[in-house]
Amino acid sequence: MDCVELAELVTAFLEDALDTTTEQRVVEHLSLCDGCTTYVAQFRSTVERLGHLPADDVAELPEPSRAALLAAFRKKGV
């Protein structure tokens with residue numbers, strides 16, 4: 001497994017949604033890669049912190065920002 005593949009699987013890994021073989025490959029990669037270990041820790045921290053925000057505290061994205069993001073996504077083909 002390389003770093004790109006791990007990045008694609010990080011959400012499923014943190015949600016315990018990987019099959020046993022793939023999960024083992026992720027764990028093995030993490031044991032060898034400090035960069036990915038840091039990435040997973042930061043991802044986990046972000047999910048934990050944002051998961052505690054009440055829904056009514058989430059502000060609406062201002063229209064100019066929303067339009068700019070949508071244009072960027074369209075340009076990238078997302």
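Is Asp16 buried or exposed, and at what relative accessibility? Asp16 counts as exposed, at 63% relative accessibility (exposed is over 50% relative accessible area, buried under 20%, partly exposed in between, with a 1.4 Å probe and protein chains only). This is a predicted model, where local features need pLDDT of at least 70, side-chain atom pairs count only at pLDDT 80 or more, and totals for chains, interfaces and linings use all residues. Residues are numbered from 1 along each chain as its sequence is written, and side-chain values use heavy atoms, leaving out hydrogens and water.

**Overall build**
- You'll find four helices and zero strands here (DSSP runs: helices are H or I with at least four residues, strands E with at least two, numbered from the N terminus).
- Of the 78 residues in the protein, 15% are buried.

**Confidence**
- The average pLDDT is 87, and 87% of the residues score at least 70 (pLDDT is the predictor's confidence in each residue, from 0 to 100).
- Among the elements, H2 has the highest mean pLDDT (97), while helix H4 (residues 63–76) has the lowest (85).

**Around Asp16**
- Asp16 sits in the loop between helix H1 (3–14) and helix H2 (20–32).

**The salt bridge**
- The structure holds one salt bridge (a side-chain nitrogen of Lys or Arg within 4 Å of a carboxyl oxygen of Asp or Glu).
- Glu5 pairs with Arg25 in a salt bridge, and their closest N and O atoms are 3.1 Å apart.
- Glu5 lies in helix H1 and Arg25 in helix H2, so the pair ties together parts 20 residues apart in sequence.
- Glu5 is partly exposed, with a relative accessible area of 25%, and Arg25 also counts as partly exposed, at 32% relative accessibility.
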